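Please have a look at the chain first.

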Amino acid sequence: MFSDYLEEIISTIMELDPAARSRFEVVLCYPGFHAVVFHRLSNKLWKSKRLTLARFVSHLGRMLTGIEIHPGATLGRRFVIDHGMGVVIGETAVVGDDCFIYQGVTLGAGPEAREGEKTRGVKRHPTLGNGVVVGSGAVIQGDITIEDNARVASGSIVLKNVPANSIVVGVPGRVIYRDGK
């Protein structure tokens, strides 16, 4: 089953990244691939309540790839991180199937998370629907939803929900295109 998972990720990278020349190259040289594999292991440990070991495996993944994915985060199928240095995905983030994110993206907690104990165990990171693309350096914060097939432009800061089939740009992020209009 794990081999099927790896095969699916490798195939997706080969399909979506024109720079990927071989499956072997993806396995050896793609930090986004490595980060997702580390997350798969750390998430399994997290779910089995081996929290410190899960955090340690996640930390090793971050040291080796420059991509930080909390072991509690939920990642969908065929999720690709391209040029992933500096990507941060928080504990309660949910990423749907077929999502694609670039370097420097943050899926972080909103300002309400500063309340410490009051927010432990509470959803405080974003949810990305299926087919979402997030450009380089974008920041998406808080318990918000970026609905299916939305695009977040590079450098945008998104603090509010984004409807399906739309494009968001700017600081703060605003919808400039939705359903063909």
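Predicted model: local features only at pLDDT ≥ 70, side-chain atom pairs only at ≥ 80, totals over all residues.

**Sheet, hairpin and pocket**

There is an open sheet of 5 strands, with parallel pairing and the order S1-S4-S7-S10-S13. Strand S1 (68–69) and strand S13 (157–158) stand at the edges with a single partner strand each, so one side of each has no neighbour in the sheet. Strands here are DSSP runs of E with at least two residues and helices are runs of H or I with at least four, numbered from the N terminus, and two strands pair if DSSP finds at least two bridges between them.

Residues are numbered from 1 along each chain as its sequence is written, and side-chain values use heavy atoms, with hydrogens and water left out.

Within the sheet, S7 (residues 106–108) and S10 (residues 139–141) pair in the parallel sense over 3 bridges, with Thr106 opposite Val139 in S10. By contrast, S14 (residues 166–169) and S15 (residues 174–178) pair in the antiparallel sense over 4 bridges, and Ser166 stands opposite Arg178 in S15. That hairpin has 4 residues between its strands, and Gly170 takes a positive phi near 95°.

Turning to the largest pocket, 14 residues line it, and Tyr5, Arg40, Asn43, Leu75 and Arg77 lie nearest its centre. A pocket is an open set of points on a 1 Å grid over the protein atoms alone, where a 1.4 Å probe fits, with protein on both sides within 12 Å along at least five of seven lines, and lining residues have an atom within 4 Å of a point. The largest share of the lining, 5 residues, comes from H3.
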